[in-house]
Amino acid sequence: MSDSLLVIVDAANVVGSVPDGWWRDRRGAAERLRDRLAVDGVPGVAGPVEIVLVVEGAARGVSSVPGVRVESAAGSGDDRMVELVAEASGRACLVVTADRELRRRVGELGASVTGPRAVRGGGD
């Protein structure tokens, strides 16, 4: 899928963008986000996409499903997302996060960035 858009989703940042009790079950919240991405994709993004959901901390170990590859960051999720953008070298990348420092880091590598609302759905 090297010609498709690579969409890298910051699970912790997206899940944390809405105070819906996610902190009581971080893994479950990441799984719900994964499942929504698998069904809905990325609203407003046309064409083939490869979705990678980066999880860290208590959400590590969430499994991949058809349509969404889950990457469990060994350390910092931000560092893993930067690595994924760097590994994509020249491929179109979209990173979903509100984290300012992460936005700067991936932007320097040529990635586009959008906020959590792009994938949250449900009018939040």
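In the predicted model, strand 4 and strand 5 run parallel and are joined by 3 bridges, with L94 standing opposite S112 of strand 5. This pairing belongs to an open sheet of 5 strands, whose order is 3-2-1-4-5 and whose pairing is parallel. Strand 3 and strand 5 (112-114) form the edges of the sheet, each of them pairing on one side only, and the twist from one strand to the next averages 25°.

Elsewhere in the sheet, strand 1 is joined to strand 2 by 6 bridges, the two strands running parallel, and D10 has V54 of strand 2 as its bridge partner. Strand 2 also pairs with strand 3, again in the parallel sense, over 5 bridges, and here L53 has V70 of strand 3 as its bridge partner. Because 6 of its 7 residues are buried, strand 2 is largely enclosed by the rest of the structure.

Strand 3 also contains E71, a residue that counts as buried because its relative accessible area of 17% falls under the cut-off of 20%. The side chain of E71 makes a polar contact, at 3.0 Å, with the side chain of R80. When neighbours within four places in sequence are left aside, the residues in contact with E71 are V52, L53, V54, V55, R80 and L84.

Helix 2 (residues 26-40) lies across strand 1, strand 2 and strand 3, and runs at about 175° to strand 2. After helix 2 comes G41, whose phi is positive, near 65°.

The largest nonpolar core holds 21 residues, of which V9, L33, L37, L53 and V119 touch the most other members. Two or more residues are given to this core by each of strand 1, helix 1, helix 2, strand 2, strand 3 and strand 4 (93-96), and the largest share, 4 residues, comes from helix 2. Not counting residues up to four places away in sequence, V119 touches V9, V14, L33, R36, L37, V42 and V96. Another core, of 15 residues, lies apart from the largest one and has I8, V54, L84 and V95 among its members.

Helix 4 (residues 100-108) is capped at its N-terminal end by D99, a side-chain oxygen of which lies 3.1 Å from the backbone nitrogen of E101. Helix 4 is followed by G110, where phi is positive, near 100°.

Note on methods: Residues are numbered from 1 along each chain as its sequence is written. This is a predicted model: local features need pLDDT of at least 70, side-chain atom pairs count only at pLDDT 80 or more; totals for chains, interfaces and linings use all residues. Side-chain values use heavy atoms; hydrogens and water are left out. A nonpolar core is a set of buried Ala, Val, Leu, Ile, Met, Phe, Trp, Tyr and Cys residues joined through side-chain atoms within 4.5 Å. Buried means under 20% relative accessible area, exposed over 50%, partly exposed in between (1.4 Å probe, protein chains only). Contact means heavy atoms within 4.5 Å. Two strands pair if DSSP finds at least two bridges between them. Axes are lines fitted to C-alpha atoms, for helices over the stretch in contact, and angles run from 0 to 180 degrees between N-to-C directions. A polar contact is a pair of N or O atoms within 3.5 Å; within protein, one must be able to donate a hydrogen and the other to accept it, and residues adjacent in sequence count only if both atoms are side-chain atoms.
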